[in-house]
Amino acid sequence: MIDTILVLMAPGFEEVEFCTPVDILRRLKIPVVTASVGEREVKSARGISMRADILLHDVDESEIGGIILPGGAGSWVLRDTPEALRLVRMVHEKGGLVAAICAAPIALRAAGVLDGKRVTAYPADEVIDAVSEVATVTHAPVERDGHIITGRGPGAAFEFGFAIASYLGFGKQVETLRKEMVYES
């Protein structure tokens, strides 16, 4: 059985980067829990309110096998939330999935898990400058280096979600799901 994948929510999170990986993982019956760094109701980048399953301080660490950080303005909130960074480090140290998309690799950098890694991130100077101080930025839609998966931005959300599911051992199911969701023949 796969351990739970924790998806963090912070005010200003990018909707597509949050919803798409969660949707893909839940379609594959991979256990996912969403956790807010603040209130249960979290307002996204475009003002859509979504309700987290739990609050960050209620996370049962013993059940977490991976962590996903969506991007958007919430990336800076995650970067500045010590408990979020501690969980990223904990998952990283035990060899679990650590994934971030768009601007969220800045939080992985703050957690100290990107040193020497190949990553991708949102192509804004502020993000690229921070991440490239410790990692090689490829600008690919999705990049995997060991158990760290990064995505470039909203347009890469499907590939990011598929890469996460494949990493978790669902490669065959991902190919079927990809055909059903993005109509590839």
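Before anything else, a term: a residue is called buried under 20% relative accessible area, exposed over 50%, and partly exposed in between, using a 1.4 Å probe and protein chains only. Helices (H or I, at least four residues) and strands (E, at least two) are DSSP runs, numbered from the N terminus.

The model is a predicted one, so local features need pLDDT of at least 70 and side-chain atom pairs count only at pLDDT 80 or more, while totals for chains, interfaces and linings use all residues. Residues are numbered from 1 along each chain as its sequence is written, and side-chain values use heavy atoms, with hydrogens and water left out.

I start with helix α7, residues 171-182. This helix has 12 residues and reaches 16 Å from its first C-alpha to its last, close to the 16 Å expected at 1.5 Å a residue; the expected span is 1.5 Å times one less than the number of residues. Which residues of α7 are buried? They are Val174, Leu177, Arg178 and Met181. Seen down the axis of α7, these fall within an arc of 110 degrees, so they line one face of the helix; the arc is that of the directions from the helix axis to the C-beta atoms. On the other side, Lys172 and Glu180 are exposed. The cover over the buried residues of α7 includes α1 (15-27) and α6, where contact means heavy atoms within 4.5 Å. Just after α7, Tyr183 has a positive phi of about 60 degrees.

Now α1. Val22 lies in this helix and counts as buried, at 8% relative accessibility. Leaving aside residues up to four places away in sequence, Val22 touches Val7, Val32 and Thr34.

Next, the sheet. It is open and made of 7 strands, in the order β5-β2-β1-β6-β7-β11-β10, with mixed pairing. Two strands pair if DSSP finds at least two bridges between them. At the edges are β5 (54-55) and β10 (142-145), each pairing on one side only. At one end, β2 (residues 32-36) and β5 are parallel, over 2 bridges, and Ser36 has Leu55 as its bridge partner in β5.

Is β11 covered or open on its faces? Both faces are covered: Ile148 and Thr150 are buried on one side, Ile149 and Gly151 on the other.

Helix α6 (residues 157-167) lies across β6, β7, β10 and β11, and runs at about 175 degrees to β7. Axes here are lines fitted to C-alpha atoms, for helices over the stretch in contact, and angles run from 0 to 180 degrees between N-to-C directions.

Last, Phe158 and Phe162. They form a tilted aromatic pair, 6.0 Å centre to centre with 45 degrees between the planes. Rings of Phe, Tyr and Trp (its six-membered ring) pair if their centres lie within 6.5 Å; planes under 30 degrees apart count as stacked, over 60 as edge-to-face and the rest as tilted. Phe158 and Phe162 are 4 residues apart in helix α6, so about one helical turn separates them. Phe158 is partly exposed at 32% relative accessibility, whereas Phe162 is buried at 1%.
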